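Trainee: I want to check the labels on this model one by one. Can we set each against its rule?

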Amino acid sequence: MKLRHAPATATALAILAATIALTAPARAQTYDPSYPVCLQIYQGIADFYFECRYQTMAQCAASASGRSAQCVVNPYFAGPNARHGPRKKRSV
């Protein structure tokens, strides 16, 4: 019994495996709480991501100039006096 479709099936499986292996991972959308301003970069109608690494709106605006992007206030900015690290217990 000959398998007439074996080469076509093998080729299709190889293409499928390559497609799955070579697709780019999804970008996680994160807001860095260390910076007060984020650059929202548009890649399509409903596809965008954030780069939160700006101290001022002016810095962000310079990066956004000429791009499909806008500057936004980081809603998760921790502020300059934010505590970092675990809390310490007070002794009474």
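Mentor: Start with a pairing. S1 and strand S2 (residues 48–54) run antiparallel and share 5 bridges. This is a predicted model: local features need pLDDT of at least 70, side-chain atom pairs count only at pLDDT 80 or more, and totals for chains, interfaces and linings use all residues. Residues are numbered from 1 along each chain as its sequence is written, and side-chain values use heavy atoms, with hydrogens and water left out.

Trainee: What makes S1 and S2 a pair?

Mentor: Two strands pair if DSSP finds at least two bridges between them. S1 and S2 have 5 bridges, so they pair by that rule. Val 37 stands opposite Tyr 54 in S2. A hairpin of 5 residues joins S1 to S2.

Trainee: How do you know what counts as a strand or a helix?

Mentor: Both are DSSP runs, numbered from the N terminus: helices are H or I with at least four residues, strands are E with at least two. The chain has 2 helices and 3 strands. Their order from the N terminus is α-β-β-α-β.

Trainee: Why is S1 called largely enclosed?

Mentor: Buried means under 20% relative accessible area, exposed over 50%, partly exposed in between (1.4 Å probe, protein chains only). In S1 (residues 37–42), 5 of the 6 residues are buried, so the rest of the structure largely encloses the strand. For the chain of 92 residues, the buried share is 16%.

Trainee: How do you know that Cys 38 and Cys 52 form a disulfide?

Mentor: The rule asks for a pair of cysteine sulfur atoms within 2.5 Å. The sulfur atoms of Cys 38 and Cys 52 are 2.0 Å apart, so the pair qualifies. Cys 38 is in S1 and Cys 52 in S2, so the bond ties together parts 14 residues apart in sequence.

Trainee: Why is that disulfide of Cys 38 and Cys 52 called right-handed?

Mentor: The torsion about its S-S bond is about 105 degrees, so the disulfide of Cys 38 and Cys 52 is right-handed.

Trainee: Are Cys 38 and Cys 52 buried or exposed?

Mentor: Cys 38 has 0% relative accessibility and counts as buried. Cys 52 has 8%, so it is buried too.

Trainee: What makes Cys 60 and Cys 71 a disulfide?

Mentor: Their sulfur atoms are 2.1 Å apart. That is within the cut-off, so Cys 60 and Cys 71 are a disulfide. The pair links distant parts of the chain, 11 residues apart: Cys 60 in helix H2, Cys 71 in strand S3. The link of Cys 60 and Cys 71 is left-handed, with -105 degrees about the S-S bond.

Trainee: How many disulfides does the rule give?

Mentor: The count is 2. With the bonded cysteines numbered in sequence order, the pairing is 1-2, 3-4.
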